[in-house]
Amino acid sequence: MDADPVAGPVSGPVRVAIVDDHPVVVEGIRSWLAVEPRLTVVATGDDPDVVLRDVPDADVVLLDLRLHGRMAVDAVAGLSAAGRRVVVYSEHTDPETMLAVLDAGAVAFLAKHEGREHCVATLLAAADDRVYVPPSLAGAMVGDARPDRPALSDKEREALLLWFQSMSKASVARRMRISEHTVKQYVDRARIKYTRAGRPAATKSALLARAIEDGLIRPEEIGDYQSYASSDRPTP
């Protein structure tokens with residue numbers, strides 16, 4: 001359970017596949033991404049299997065959660081299990097839906113009303129294996145009060161926070177003055193605790209969601225650290 005099932009941060013241009021059944025939405029996203037030199041739309045369509053078959057090397061999949069009148073949570077799970085970085089893009093912003101897609105393996109959830117700035121930031125973060133929390137997702141996480149929250153030690157929380165703030169496990173180890181193996185133990189121990197509580201968190205994004213849901217980490221702690229972490233580029 002050391003990492004998400006993707007190949008590591010993308011170096012260079014980021015190839016984006018857009019899966020949406022509304023042409024006007026697809027064209028709008030194209031225009032947004034055109035202003036970011038690092039993002040390139042390499043495929044579009046309304047069937048994720050067809051789009052990804054035609055372009056198997058897309059780095060990030062921007063997936064509308066409702067396709068042809070049906071919710072596509074199963075598609076999120078399938079794509080994630082196949083090693084795809086999936087960013088769900090939807091107008092369905094109730095907390096249960098947003099948390100469900102993270103549980104299914106999506107690396108992020110982006111509400112359709114959140115605009116170009118958040119869309120670009122979310123896709124770049126996904127490609128870099130960084131965590132980015134758009135406003136709607138932050139609200140869903142904070143608003144989810146569940147009684148079955150495991151207790152994390154101070155060291156476990158510190159290791160998770162630094163890891164979420166775009167640091168590699170090696171960088172976290174240097175910052176905490178411990179071994180990388182110990183950092184991995186802290187992360188795995190947190191995942192085990194959530195699994196035992198019936199709330200598994202197999203991916204980095206899901207584990208972040210759990211930690212924010214339970215008040216162990218605040219969404220603003222993730223964003224505030226970005227300037228400090230700029231010299232500490234994330235690695236797998």
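Me: What makes the 5 strands an open sheet, and in which order do they stand?
Reply: In this predicted model, the order is 2-1-3-6-7 with parallel pairing, where strands are DSSP runs of E of at least two residues, numbered from the N terminus, and two strands pair if DSSP finds at least two bridges between them. Strand 2 (39–45) and strand 7 (108–111) stand at the edges with a single partner strand each, so one side of each is left without a neighbour in the sheet.

Me: How do you know that strand 1 pairs with strand 2?
Reply: Strand 1 (residues 14–19) is joined to strand 2 by 6 bridges, and the definition asks for at least two, so the two strands count as a pair.

Me: Why is D64 called buried?
Reply: D64, which lies in strand 3, has 2% relative accessibility, and buried means under 20% relative accessible area (exposed is over 50%, partly exposed in between, with a 1.4 Å probe and protein chains only), so D64 counts as buried.

Me: What makes the approach of R66 to D64 a polar contact?
Reply: The backbone nitrogen of R66 lies 3.3 Å from a polar atom of the D64 side chain, and a polar contact is a pair of N or O atoms within 3.5 Å, of which one must be able to donate a hydrogen and the other to accept it.

Me: How are residues numbered, and which pLDDT do local features need?
Reply: Residues are numbered from 1 along each chain as its sequence is written. Local features need pLDDT of at least 70, side-chain atom pairs count only at pLDDT 80 or more, totals for chains, interfaces and linings use all residues, and side-chain values use heavy atoms, leaving out hydrogens and water.

Methods: Helix = DSSP H or I, 4+ residues; strand = E, 2+ residues; numbered from the N terminus.
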